[in-house]
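Here's a quick tour for anyone new to reading protein models. Have the structure open and follow along, topic by topic.

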Amino acid sequence: GNPELPTAVNITWSSINFKTILRWQPKPSGYLYTVEIHGQTSDTKKKCILTAETECDVTDLLRNVRETYTAHILSVMSSGMDNFEEPPFAVSEKFTPYSQTVLGKPEIKDYTQKGSKLDVVFQDPLTPYTFPNGSFQSIRDIFQNDLEYKMYYWKDQSSGKKDAITKSHKFEERVDSSKNYCFYIQGIIPSRRENRNGQESMVLCTSIGRNILDEYGAEFFIIIAVIVIAIITSAVVLSVVLCKRKKAKAAREKEPLNGV
């Protein structure tokens, strides 16, 4: 082969919702890379052939998500691979999409707080894989009963959190009807040893007509009160001063002129 060619280092798998990118180093100079995906039970497939890039989207080669794969990053001359000699290559760590892909953020579709009931409706993240009709599969279509969701929720402006779990697309929780609540959701695969918890959704908060004290806090109103008192006090002092000056002026005008 070409043992003098550098081989790839720092090979990593990056996978969210089964979209999987292979990355490595260094940038090639005077040679190129070709990626081979080796499955335990599947045929070897090539991707990103003769590329000068250091990343490769291998999602479409990992459709059997329960299969365990390794990637060979081949270093080849720009003229192509020699059919008779194997080029130097580096081998990645093993990767099993089903147990290692990260669950992405759920999308919150609707939420309401009516009385003491908090309802939150959300949607599963989609994967790059499709059904025969062309529609995208969700992570629930793949994980099925292995997937559940956890919602963390708490009183607005409070640090104490509660949590709830569901296998559906909806949470219905009892809350304090006089308080607003904030919450976020994440997917969970309890059977996993690693990557059990998915990415967290955005934090949202309900709004049930917060009173102005909740909105700004007591400190704000104390400051306002101090300012108002200071203004009133200044006005009173100014009025007293002006009044005294007016009386003094009037008194001077009534005094008889000297020598008259």
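Let's begin with strand β1, which covers residues 9–16 and includes Asn10. Keep in mind that this is a predicted model. Asn10 has a positive phi of about 55 degrees, even though it isn't a glycine. As a rule, most residues other than glycine have a negative phi, and most peptide bonds are trans.

- Is Asn10 buried or exposed? Asn10 is exposed, because its relative accessible area is 52% and the cut-off for exposed is over 50%.
- Cys48 isn't a glycine either, yet this residue has a positive phi of about 50 degrees.
- You'll find Cys48 in strand β4, residues 45–51.
- Cys48 counts as partly exposed, because its relative accessible area is 23% and that class runs between the 20% and 50% cut-offs.
- Which peptide bond is cis, with omega near -5 degrees? That's the bond going from Gln25 to Pro26.
- Pro26 sits in the loop that links β2 (19–25) and β3 (32–39).

**A hairpin to trace**

- Strands β12 (residues 148–155) and β13 (residues 162–166) run antiparallel, and 5 bridges join them.
- Look for Tyr149, and you'll see Thr166 of β13 standing opposite.
- The hairpin of β12 and β13 has 6 residues between the strands, and Gln157 takes a positive phi near 70 degrees in this hairpin.

**The nonpolar core**

- In soluble globular proteins, nonpolar side chains tend to be buried together.
- The largest nonpolar core here has 43 residues, and Trp24, Ile37 and Ile73 are the ones that touch the most other members.
- Several elements each supply at least two residues of this core, including β1, β2, β3, β6 (69–76), α2 (139–143) and β12.
- Both domain 1 (9–99) and domain 2 (107–209) give this core at least three residues each.

**A nonpolar patch on the outside**

- Which residues form a nonpolar patch on the surface? They are Ile223, Ile224, Ile227, Val228, Ile231, Ile232, Val236 and Val240, and together they have about 690 Å² of accessible area.
- One of them, Val228, is found in helix α4, which spans residues 218–254.
- Val228 is partly exposed, with a relative accessible area of 40%, so this residue clears the patch cut-off of over 30%.

Notes:
Residues numbered from 1 in each chain as written. Predicted model: local features only at pLDDT ≥ 70, side-chain atom pairs only at ≥ 80, totals over all residues. Heavy atoms only, no water. Patch = residues over 30% accessible without salt bridge, like charges linked within 9 Å, V, L, I, M, F, W, Y side chains within 5 Å. Areas by Shrake-Rupley, 256 points an atom, 1.4 Å probe, with all protein chains shown as cover. Salt bridge = Lys/Arg side-chain N within 4 Å of Asp/Glu carboxyl O. Helix = DSSP H or I, 4+ residues; strand = E, 2+ residues; numbered from the N terminus. Buried < 20%, exposed > 50% of the residue type's maximum accessible area, 1.4 Å probe, protein only. Pairing = 2+ DSSP bridges. Core = buried A, V, L, I, M, F, W, Y, C linked by side-chain atoms within 4.5 Å. Domains from an automatic or database assignment.
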